[in-house]
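Have a look at the fold first.

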Amino acid sequence: ESYNSTLSDTKDLLFEFDNRDKDKERYKGAAYSGLNYDQETNSYWATGYNGSNTAYTIVNSGGTLRVNVTDGTDASGTYGPWIKITNTYGKMPTYNSPDLYPLNFDPSGVKVVTIRFKLVNCSVVTDKLPEIIFEYYYTSGGTATYANDMKAIYTFRDGEYMAISIPVSSKLRNADVLKGFGFRFRNVRGTNGTIYIDYIYIGASG
């Protein structure tokens, strides 16, 4: 399913993974730094906490970015994979590697962050609630900062698409430039699990 609301070149970011002509044209914009985030080969995403930095695939025919879900935990004992945008295939950007964040987007008009996804062959960690965390890297007053203060708890439904909208923090709204972002899917596990991401929208419609 595509994101069907009207888009603004200056107030919205959209990633749909179809790689249609209109998507390629949109990605030429300065906010995206001219990179094609839908391309299936050497694409501009990276993963963590699920085996490797490239434990994902983009399938244009299905319009999805598919993230592998493993059964293991990270160093802090937390389950669930991490997907982040990057400017270098296979390189996971962090606050220690700000040069890997690719965007140049003015977030002053952002009212909502929405991700439409489904979990397949997954389960929730015992005594935990599934949670999705939106993290981002931004500049404000010339200072670059990392934040992970935006999150949402949702009802787990295996194999069923859901669109989760995350409340926007004042840090994001008041930033000068959004440089990069990622999602952490907390408290989910799966021996052969997959997260299918249909679209990611960051913008003023909401």
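## Ground rules

This is a predicted model, so local features need pLDDT of at least 70, side-chain atom pairs count only at pLDDT 80 or more, and totals for chains, interfaces and linings use all residues. Residues are numbered from 1 along each chain as its sequence is written, and side-chain values use heavy atoms, with hydrogens and water left out.

## The whole chain

Buried residues account for 52% of the 206. Buried here means under 20% relative accessible area, with exposed over 50% and partly exposed in between, using a 1.4 Å probe and protein chains only. Take contacts (heavy atoms within 4.5 Å) between residues at least 6 apart in sequence: 68% of them join residues at least 24 apart.

Nonpolar side chains tend to be buried together in soluble globular proteins. In this chain, the largest nonpolar core has 53 residues, and Phe15, Trp45, Phe117, Phe181, Phe183 and Ile197 touch the most other members. Strand β13 (residues 193-203) gives the most to this core, with 6 residues. Such a core is a set of buried Ala, Val, Leu, Ile, Met, Phe, Trp, Tyr and Cys residues joined through side-chain atoms within 4.5 Å.

Beyond four places in sequence, the contacts of Phe15 include Trp45, Phe181, Tyr199 and Ile200.

How many residues of β13 are buried? That's 11 of its 11. Strands pair if DSSP finds at least two bridges between them. β13 runs antiparallel to β6 (residues 112-120) over 9 bridges, and Phe117 has Ile197 as its bridge partner. β4 (residues 64-69) is also antiparallel to β13, with 5 bridges; there, Leu65 stands opposite Ile197. β1 joins β13 through 3 antiparallel bridges, and Leu13 sits opposite Ile202.

## Near the start

Ser2 lies in the segment before β1 (13-15). Not counting residues up to four places away, Ser2 touches Glu16, Asp18, Arg20 and Tyr199.

Key
Helix = DSSP H or I, 4+ residues; strand = E, 2+ residues; numbered from the N terminus.
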